[in-house]
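The sequence and the structure are shown first.

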Amino acid sequence: MLLHHKHGQLKVRDFSLSIKASDVAEDGSFEGYGSVFGGDPDSYGEVVARGAFLESLAELKAKNRIVPVLWQHRTAEPIGVYDYLEEDSHGLKVKGRLLKDDVAQAREAHALLKAGAVTGLSIGYWVRQASYDEKTGVRTLIKLDLVEVSLVTFPAKDDARVEAVKFKLE
């Protein structure tokens, strides 16, 4: 299903997590980068510019809107929420938690993370502003409207890494 909006078609951009089974314990919280700035172009020939999320994050905060953790970009399958989304010098830093005690798919996603079967984060966004370099063929994403950040099985790029998966011991 393709979603459409005043900015065109909803796009997705993938990154890889780096989660060891030993890092995954019980409460389902995790942190890392939903997107990183610069670097080599992804499989679509695009790079994200520093500052791309600033306007969108400010609008989300002003509206008190919670960004969902989706399963494989399926809008009907939220499996958690992000408690923290901020830009730093590296990219879009996220801290989220899977609602594994209340959502069956979140429990399954948690088990798959622990096993190393799910290794990706992918953002869903609208492009607000971009530029294209005809010499290099690279499109720079200057301003993005963040919609969601999903856990995905097969990421297309592996620059973004989860720094830690935090869990409360019972």
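Helices (H or I, at least four residues) and strands (E, at least two) are taken as DSSP runs and are numbered from the N terminus. The model discussed here is predicted.

## Overall architecture

Two helices and 10 strands make up the secondary structure of the chain. Along the sequence, these elements follow the order β-β-β-β-β-α-β-β-β-α-β-β.

Of the 170 residues in the chain, 44% are buried. Among contacts between residues at least 6 apart in sequence, 73% join residues at least 24 apart. The chain has an accessible surface of about 8900 Å², and carbon and sulfur atoms account for 51% of this area.

## Nonpolar core

The largest nonpolar core contains 29 residues. Those with the most contacts inside this core are F53, I79, Y82, L98, L144, L146 and L151. Two or more core residues come from each of α1, β6 (68-71), β7, β8 (91-98), α2 (104-115), β9 (120-133) and β10 (138-152). The greatest contribution is that of β10, which gives five residues.

L98, one of the core residues with the most contacts, illustrates the surroundings of such a position. Leaving aside neighbours within four places in sequence, L98 is in contact with D27, G28, F30, V69, I79, G80, A106, A109, H110, L113 and L151. Two of these partners, I79 and L151, are themselves listed with L98 among the core residues with the most contacts.

## A buried lysine

K100 is located in the loop between β8 and α2. Is K100 buried or exposed? K100 counts as buried because its relative accessibility is 13%, and the cut-off for a buried residue is under 20%.

Not counting residues up to four places away in sequence, K100 touches E26, D27, G28, A106, R107 and H110. Contacts with D27, G28, A106 and H110 are also listed for L98.

## Largest pocket

The largest pocket holds about 260 Å³ of space. Its lining consists of 13 residues, and L57, L60, K61, R65 and L85 are those that lie nearest the centre of the pocket. By class, the lining divides into eight nonpolar residues, one polar residue and four charged residues.

Which elements each supply at least two residues of this lining? They are α1 (54-62) and β7 (74-87). The most is given by β7, with five residues.

Notes
Residues are numbered from 1 along each chain as its sequence is written. This is a predicted model: local features need pLDDT of at least 70, side-chain atom pairs count only at pLDDT 80 or more; totals for chains, interfaces and linings use all residues. Side-chain values use heavy atoms; hydrogens and water are left out. On a 1 Å grid over the protein atoms alone, a cavity is a set of points where a 1.4 Å probe fits but cannot get out, and a pocket is an open set with protein on both sides within 12 Å along at least five of seven lines; lining residues have an atom within 4 Å of a point. Grid points are joined across faces, edges and corners, and a volume is the space filled by probe spheres set on the points. Ala, Val, Leu, Ile, Met, Phe, Trp, Tyr, Cys and Pro count as nonpolar, Asp, Glu, Lys and Arg as charged, and the others, Gly among them, as polar. A nonpolar core is a set of buried Ala, Val, Leu, Ile, Met, Phe, Trp, Tyr and Cys residues joined through side-chain atoms within 4.5 Å. Buried means under 20% relative accessible area, exposed over 50%, partly exposed in between (1.4 Å probe, protein chains only). Contact means heavy atoms within 4.5 Å. Accessible areas come from the Shrake-Rupley method with a 1.4 Å probe; for residues, only the protein chains shown count as cover.
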